Amino acid sequence: MDTSKKQAAAASTSMAITDKDFNRLVTFVQGKYGIDLHQKRQLVTSRLSGTVKNMGYNSFTEYVDFLLKKGSGDDINHLLSRLTTNYTYFMREVESFDYFTSTILPDIVNKHQRDKCLSIWSAACSSGEEPYNVSMYIMDYLGGQASAWDTRLLASDISMDALTKAKKGIYELPDTIPPNWRKNYFKPAGGKQYEVAPRIKNNVIFKQFNLMDPIHFKRKFDVIFCRNVMIYFDQQTKSDLARRMFDATVPGGYLIISKAENLPPDTPYARVATSIFQKR
Ligand SMILES: C[S@@+](CC[C@H](N)C(=O)[O-])C[C@H]1O[C@@H](n2cnc3c(N)ncnc32)[C@H](O)[C@@H]1O
């Protein structure tokens, strides 16, 4: 079905929402999770109409009343899983991974020769492709030395559905995955599916985390990947998040965003390459 037909079909099965309920809902989501849906009325109604009906409500008014007054953690998780865009894939923006391997990894591995511990965070990891990908680059780089290093990565997202898929680690692989990676870092899981190999899977610790919250992890990070999430945030939210990430980065550490994004002009990070910033 082409896009306009899909949109028409979605609109015909969507329930109507009043301006007031739409505003109550998107203001709640933006205030708590940063995601700005004010221009996405059709997306909101088409993605949530099924939920409203399945929960036995006759209107968005009833659903929004319930959610804002009595919604449980599960109800909010469901809402977020419906409203977040989890699109991601292996080898996304490979130029950033090239810079990571050619410049960042040599730098941080050199700095950590004594403690042999890298501290890396994939801050909006969606279904896991990004942190697994980073892990594969690290394993390749360290080669025979890898077992002497603590290379565990933190990977977080707000969507529990995305995190569940990430923890399973089963994917159809794109052709862009190098053949030796397919062999070394995956095992066949039936049909076209491949499962991430245990040595890569065990190297990623998944956790639900809201990027609007204060960042209080045990250690500061050598590298933060925060790609393709700030596009959903407004300017102030982006600015505040960039500042919190800066505070959570070690001096000399890096922040990697995507080509589709930019940091606010007042960012304290220095830009060192396209989409790559350093705390100097
Ligand atoms: C498009 S995906 C990006 C995935 C990956 N970083 C990439 O570049 O391919 C955006 C992710 O941001 C997550 N997200 C949106 N708002 C968030 C928030 N407030 N806190 C944490 N994650 C959030 C979504 O759930 C979604 O999985």
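## A salt bridge and a ligand site

R24 pairs up with D21 in a salt bridge, with 3.0 Å between the closest N and O atoms (a side-chain nitrogen of Lys or Arg within 4 Å of a carboxyl oxygen of Asp or Glu). Across the whole structure, a search turns up nine salt bridges.

A quick word on the source: this is a predicted model, where local features need pLDDT of at least 70, side-chain atom pairs count only at pLDDT 80 or more, and totals for chains, interfaces and linings use all residues. Residues are numbered from 1 along each chain as its sequence is written, and side-chain values use heavy atoms, leaving out hydrogens and water.

Now to the ligand. Around it are 21 residues, of which Y33, T88, R92, A124 and D157 come nearest (a residue is near if one of its heavy atoms lies within 4 Å). By class, this shell has nine nonpolar, eight polar and four charged residues, with Gly counted as polar, and Tyr, Cys and Pro among the nonpolar ones.

| Protein atom | Ligand atom | Distance |
|---|---|---|
| N86, polar side-chain atom | oxygen | 2.9 Å |
| N210, polar side-chain atom | nitrogen | 3.0 Å |
| L211, polar backbone atom | nitrogen | 2.9 Å |

The protein covers 99% of the 610 Å² of accessible area that the ligand has on its own (Shrake-Rupley method, 1.4 Å probe).

Methods:
Polar contact = N/O pair within 3.5 Å; in protein donor to acceptor, adjacent residues only side chain to side chain.
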